[in-house]
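Trainee: I have a protein model open on my screen. Can you show me how to read it?

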Amino acid sequence: MKSIKASLVVLLGMFCMSAYAAVTQLTFEGLQNSEAVLNFYNGGTGSLGSVGPNVGVAFDSSALAIIDSDAGGGGSFANEPSPSTIVYWMSGSSFTMNVAAGFDTGYAFFYSSSVPVTVTIYDGLNGTGSVLATANGPAQHTGNSCVGDPTGGFCNWTELGVTFSGVARSVVYTGSSNQTGFDNITFGSASASAPNAQSIPTLSEWSLLLLSTLIAIAAVFGLRRRLA
Ligand SMILES: [Ca+2]
Ligand SMILES: [Ca+2]
């Protein structure tokens with residue numbers, strides 16, 4: 001009986017840990033200049049054949065990687081959170097990202113933009129279904145008296161993060177083509193700068209934590225009774 005309880009505690013502990021560990025961050029490093037991201041993060045390739053980690057995230061054909069011109073690419077930006085590649089787009093007012101398996105808890109990113117940005121999280125694919133959360137930010141690309149590294153007009157980057165309930169399956173990024181860039185896109189956490197430190201347990205995770213703690217206490221008392 002004691003070993004069964006101990007196994008249950010270990011199993012529940014592993015389940016809780018896996019919920020916290022489900023944090024993914026996309027830095028866009030490894031993509032080429034002006035390469036469409038496409039299935040780079042989805043077990044496939046970008047438009048120029050680059051292969052990234054398969055974390056089940058697909059981008060529509062609008063989303064393009066661009067490398068800082070100071071690092072040999074074509075982008076006029078500086079101080080990006082993970083040098084030297086970011087994601088932006090060149091046509092239309094937005095691009096869309098799908099996570100077929102879904103993600104929960106939180107969502108965060110850095111952006112630099114000459115126009116206001118809106119990032120909307122949906123529970124359906126391709127920006128369909130219910131809106132779970134929205135993150136808004138002002139135009140700020142030259143804010144905080146920023147300077148290039150050594151060049152780059154889009155030199156000010158701001159972190160935005162949200163928490164939400166439910167399971168998200170797509171994100172729509174809205175700003176202006178060629179005027180808005182994103183980097184360090186983070187799932188499962190409301191912080192893009194410290195993603196693993198900021199994981200906030202959901203209600204169901206709190207329930208599991210409470211249950212595993214109660215079972216652990218019961219197991220200890222059971223063991224004490226046997227030893228007494
Ligand atoms: Ca630069
Ligand atoms: Ca980057």
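Mentor: We will go from the strands to the core, then to the backbone.

Mentor: This is a predicted model: local features need pLDDT of at least 70, side-chain atom pairs count only at pLDDT 80 or more, and totals for chains, interfaces and linings use all residues. Residues are numbered from 1 along each chain as its sequence is written, and chains are lettered from A and ligands numbered from 1 in the order in which they are written.

Trainee: How many helices and strands are there in the protein?

Mentor: Helices (H or I, at least four residues) and strands (E, at least two) are DSSP runs, numbered from the N terminus. The protein has two helices and eleven strands. From the N terminus on, the order is α-β-β-β-β-β-β-β-β-β-β-β-α.

Trainee: In what order do the five strands of the open sheet come?

Mentor: Start with pairing: two strands pair if DSSP finds at least two bridges between them. Here the order is S2-S5-S10-S7-S8, with antiparallel pairing. Strands S2 (58-59) and S8 (131-137) stand at the edges, each with a single partner strand, so one side of each is left without a neighbour in the sheet.

Trainee: How many bridges join S5 to S10?

Mentor: Six bridges join S5 (residues 94-103) to S10 (residues 168-174), and the two run antiparallel. Find Phe-95: its bridge partner in S10 is Tyr-173.

Trainee: Which strands pair with S11?

Mentor: Strand S1 (residues 24-26) is joined to S11 by three bridges, antiparallel. Leu-26 stands opposite Ile-185 in S11. S6 also pairs with S11 in the antiparallel sense, over six bridges. There, Ser-113 stands opposite Thr-180.

Trainee: Is S11 mostly covered or mostly open?

Mentor: Count neighbours. A residue is buried if 20 or more other C-beta atoms lie within 10 Å of its own, exposed if 12 or fewer, and partly exposed in between; C-beta atoms are placed from the backbone. S11 is mostly covered, with eight of its eight residues buried. In the protein, buried residues make up 33% of the 228 residues.

Trainee: How many residues are in the largest nonpolar core?

Mentor: A nonpolar core is a set of buried Ala, Val, Leu, Ile, Met, Phe, Trp, Tyr and Cys residues joined through C-beta atoms within 7 Å. The largest one has 48 residues. Val-37, Val-87 and Phe-182 are among those with the most contacts inside it. Elements giving two or more residues to this core include S3 (63-67), S4 (85-89) and S11 (180-187).

Trainee: Which residues is Val-87 in contact with?

Mentor: Two residues are in contact if their C-beta atoms, placed from the backbone, lie within 7 Å. Leave aside neighbours within four places in sequence. The contacts of Val-87 then include Phe-28, Val-37, Ala-63 and Phe-182.

Trainee: Where are the cis peptide bonds?

Mentor: Most residues other than glycine have a negative phi, and most peptide bonds are trans. A cis bond joins Pro-83 and Ser-84, with omega about 0°. Ser-84 lies in the loop between S3 and S4. Another cis bond joins Asp-149 and Pro-150, with omega about 5°. Pro-150 is in the loop between S8 and S9 (158-163).

Trainee: What is phi near for Asn-126 and for Asn-178?

Mentor: Phi of Asn-126 is near 55°, a positive value. Asn-126 lies in the loop between S7 and S8. Because Asn-126 has 13 C-beta neighbours inside 10 Å, Asn-126 counts as partly exposed. Phi of Asn-178 is near 65°, also positive. Asn-178 is found in the loop between S10 and S11. With 14 C-beta neighbours inside 10 Å, Asn-178 counts as partly exposed.
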